[in-house]
Structure formats: C-alpha cells, structure tokens
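Let's go through this one in question-and-answer form. Have a look at the sequence and the model first.

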Amino acid sequence: MLDFRKKKTARKIMYSPWTLILLFILTIFLFKAAWNVHTKERSSAEALARSTAELIKLEGRETSLTSAVAYLGTPAGVETEIRTKFRVAKEGESVAVILEDAPTTTSTTTIKKGGFRYRLTHLFSGE
C-alpha cells in the first residue's frame, strides 16, 4: 500500500499544472536555442558559398596574371606590349593610325506648340 501512495504522489507532482508550465517554458527555450543554431548554420553556409566563389574567381585571375607575366618575360612579349602601349616602330617601319568614323547622332527634341518651352523659346527668337 505504501508503494501505491508513492506512485500516486509522484504522478500528482508530474501532472500538476506548475510542472506542465515549467516543461512548456523549458521547451520554448530549447526550441529558441535550436532555431538560433539553425540560423547561424544557414548564414555560415551562405558565407562559405560566397568565399568559395570568390576563391575560384581569384584563382582564375591568378592564372591569367601568371600567364601574362610569363608572356612579358619573353622578348616578343615585351616588344608587343611596347608597340601597343606607346605606338613605336623599329627603324624602317612606319606606324599607321587608322581612325574609325564615329557615327554622328543627331538628337532632335520636339517641343509641343503651345507648351511653356515653345512659348518661351519663341518669345526671345521673335517668331
């Protein structure tokens, strides 16, 4: 009989409203902590993706710069770079600079007759 009373008292304590409220509050705190960890993990994954993309981009740039330095290390590369940057020629050669015709664009603005700008323009022009 004593054992039965102990079980009844234990159940009474476990199922009391205060115990349930305490467990509910504890559950909320644990959920909030888990949510914060989830949010941090997501932002870390995004930062890792950005860093990886930047690393790939920088490695590509390093490759192109390395090849450019190797090309400029050769006499032909130095000569080509000097000719393109400074427009120089060897003895006996001449430099021809070819200019392309720039397309001429004419912008026409239409002014409505009877509008403020039209009246103001024609006020001073005497028309």
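This is a predicted model: local features need pLDDT of at least 70, side-chain atom pairs count only at pLDDT 80 or more; totals for chains, interfaces and linings use all residues.

Q: Why are Arg83 and Glu79 separated by about one helical turn?
A: Both sit in helix α3 (residues 75-86), where a helix is a DSSP run of H or I with at least four residues, numbered from the N terminus.

Q: What is the average pLDDT of the protein?
A: pLDDT is the predictor's confidence in each residue, from 0 to 100. In this protein, 87% of the residues score at least 70, and the average is 85.

Q: Which element has the lowest mean pLDDT, and which the highest?
A: The protein has four helices and zero strands, in the pattern α-α-α-α along the sequence. Among these elements, helix α4 (residues 116-125) has the lowest mean pLDDT, at 72. The highest, 96, belongs to α2.

Q: How far apart are the closest N and O atoms of Arg83 and Glu79?
A: The two form a salt bridge, meaning a side-chain nitrogen of Lys or Arg within 4 Å of a carboxyl oxygen of Asp or Glu. Arg83 has a relative accessible area of 27% and Glu79 one of 33%, so each counts as partly exposed (buried is under 20%, exposed over 50%, partly exposed in between, with a 1.4 Å probe and protein chains only). Their closest N and O atoms are 3.1 Å apart.

Q: Which residue forms a salt bridge with Glu81?
A: The structure holds two salt bridges, and this one has its closest N and O atoms 3.7 Å apart. Both partners lie in helix α3, four residues apart, about one turn of the helix.

Q: What span does α3 reach from its first C-alpha to its last?
A: The helix has 12 residues, and the expected span is 1.5 Å times one less than the number of residues. That expectation is 16 Å, and the helix comes close to it, reaching 16 Å.

Q: Which residue takes a positive phi just after α3?
A: The phi in question is about 50°. The residue is Arg87.

Q: Which residues does Val78 touch?
A: Val78 is found in helix α3 and is partly exposed, with a relative accessible area of 37%. Contact means heavy atoms within 4.5 Å. Not counting residues up to four places away in sequence, Val78 touches Tyr71 and Leu72.

Q: How much accessible area does the nonpolar patch have together?
A: Patch residues have over 30% relative accessible area and no salt bridge; like charges are joined within 9 Å, and nonpolar side chains (Val, Leu, Ile, Met, Phe, Trp, Tyr) within 5 Å. Here the patch is formed by Trp18, Ile21, Phe24, Ile25, Ile28 and Phe29. Ile21 is in helix α2 (residues 17-72) and counts as partly exposed at 44% relative accessibility. Together the patch has about 710 Å².

Q: What share of the accessible surface belongs to carbon and sulfur atoms?
A: Areas come from the Shrake-Rupley method with a 1.4 Å probe, and for residues only the protein chains shown count as cover. Buried residues make up 2% of the 127 residues. The accessible surface comes to about 12,700 Å², and the carbon and sulfur share is 65%.

Conventions:
Residues are numbered from 1 along each chain as its sequence is written. Side-chain values use heavy atoms; hydrogens and water are left out. Helices (H or I, at least four residues) and strands (E, at least two) are DSSP runs, numbered from the N terminus.
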